Amino acid sequence: MAQYTQRPMRFPENIFQTICEQLLPTACIACGEFQKSSLCDRCLNQLRDGGLLSYQCGIALQATEIAKQHCAQCQISQPYFDETYCLDRYDGLLQTPLHELKYQKRIAFANALGRTWNLLLSKELEAISADYLLPVPLSIEKLAQRGFNQSWEIAKRIRCGGYIQKSPYMLQRHHYAEHQAGSTLSNRQLAIQGMFYLEERYIKQLTNKTVIVFDDVMTSGATLNEIARVLKDNGVSRVINWVVLRAARPI
C-alpha cells in the first residue's frame, strides 16, 4: 500500500468552505450557541485556562508534584514516551463533541475538533522537532465495524510543521475483543502488551527519528506507553503524545 501523503485543500473546496463559514450559522461544538466559528469565544477561553500539567504524561499536577513537573506515577515508573500535550480534560467541554464523532459517526465533528486544536495548540507546538505523526490505529476488524479511525480523522486536519509526515499505515494493531473501560491500570497494561506492531517496510524509515503519536483519549496511558515501547524497541529515538482528551488521573 502506498504511503499516505496529505494534499492541500483544492481551490474550489477552499472557496466553498469559506462561503459556508460566512453565510451559514455554525453551532459551537461545546455549548451549541450559533455563531460564525465551530467554537465560541466563551468556550475557547475556558479551554485556554488549563493549569499546570505534567511535562511527561500530561496529567494535571497536584501541589506536591509541581516542583518536579512530573506526577507521582511518572516519578515512580518512568513511561516510555517523552512528552505529552493535550487539548482538554476527559470530562471537559470537548468530551461530547468527541463522543458525537466516535460513537454517532458525525465526521463533521472531526473538522471542528481539528480547528479547535489549531486555534489553541498549533502555534505552541510548531517549534517541536519531529519527523512523523502516527495516529493510534484501530484493528482491521474495529475499523471495518466503525468505518473510520477517529484519531486519524482529527490528526489529518491539524496543522503541524511541513516537514512532519503523517501516516496511518506505519503503526498497526491486532484485534482484541474485550473492552478496557473499567479495568484497573495493571490489567490494562497486561491486556495491551503485544497489541501493536510496525509494518516491517517502515522500520528503517523510523530509525533514530522522533515520532508524534496522536490519540483521541488518554486515560490510564497504558495504550500510549505500549506504543512508545514498540516504537523505541524498533529504533525510534523520541516519542511525543498529542492527545485530544486527557483524564485528570488514570481511570
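Colleague: Which residues do ring pairs link into a cluster?

Modeller: This is a predicted model, in which local features need pLDDT of at least 70 and side-chain atom pairs count only at pLDDT 80 or more, while totals for chains, interfaces and linings use all residues. Residues are numbered from 1 along each chain as its sequence is written, and side-chain values use heavy atoms, with hydrogens and water left out. Rings of Phe, Tyr and Trp (its six-membered ring) pair if their centres lie within 6.5 Å; planes under 30 degrees apart count as stacked, over 60 as edge-to-face and the rest as tilted. By this rule there are 2 aromatic pairs, and ring pairs join into a cluster Trp 117, Phe 214 and Trp 242.

Colleague: Is the pair of Trp 117 and Trp 242 stacked, edge-to-face or tilted?

Modeller: A pair of aromatic rings is described by the distance of the centres and the angle of the planes. For Trp 117 and Trp 242 the centres are 5.7 Å apart and the planes stand at 40°, so the pair is tilted.

Colleague: How many residues apart in sequence are the parts that this pair ties together?

Modeller: Helices (H or I, at least four residues) and strands (E, at least two) are DSSP runs, numbered from the N terminus. Trp 117 belongs to helix α5 and Trp 242 to strand β9, so the parts tied together are apart in sequence by 125 residues.

Colleague: Is Trp 242 buried or exposed?

Modeller: Buried means under 20% relative accessible area, exposed over 50%, and partly exposed in between (1.4 Å probe, protein chains only). Trp 117 has 1% relative accessibility and therefore counts as buried. Trp 242 also has 1% relative accessibility, so Trp 242 counts as buried.

Colleague: How far apart are the end C-alpha atoms of α5?

Modeller: The expected span of a helix is 1.5 Å times one less than its number of residues. The 13 residues of α5 should therefore span 18 Å, which agrees with the separation of its end C-alpha atoms, 19 Å.

Colleague: With which side chain does the side chain of Asp 216 make a polar contact?

Modeller: Asp 216 lies in strand β8 (residues 210-218) and is buried, because its relative accessible area is 3%. A polar contact is a pair of N or O atoms within 3.5 Å; within protein, one must be able to donate a hydrogen and the other to accept it, and residues adjacent in sequence count only if both atoms are side-chain atoms. At 3.3 Å, the partner of the Asp 216 side chain is the side chain of Gln 150.

Colleague: Which element of the protein chain has the lowest mean pLDDT?

Modeller: pLDDT is the predictor's confidence in each residue, from 0 to 100. The protein chain has a mean of 85, and 82% of its residues reach 70 or more. Among its elements, strand β4 (residues 132-135) has the highest mean (98), and the lowest (51) belongs to helix α1 (residues 11-23).
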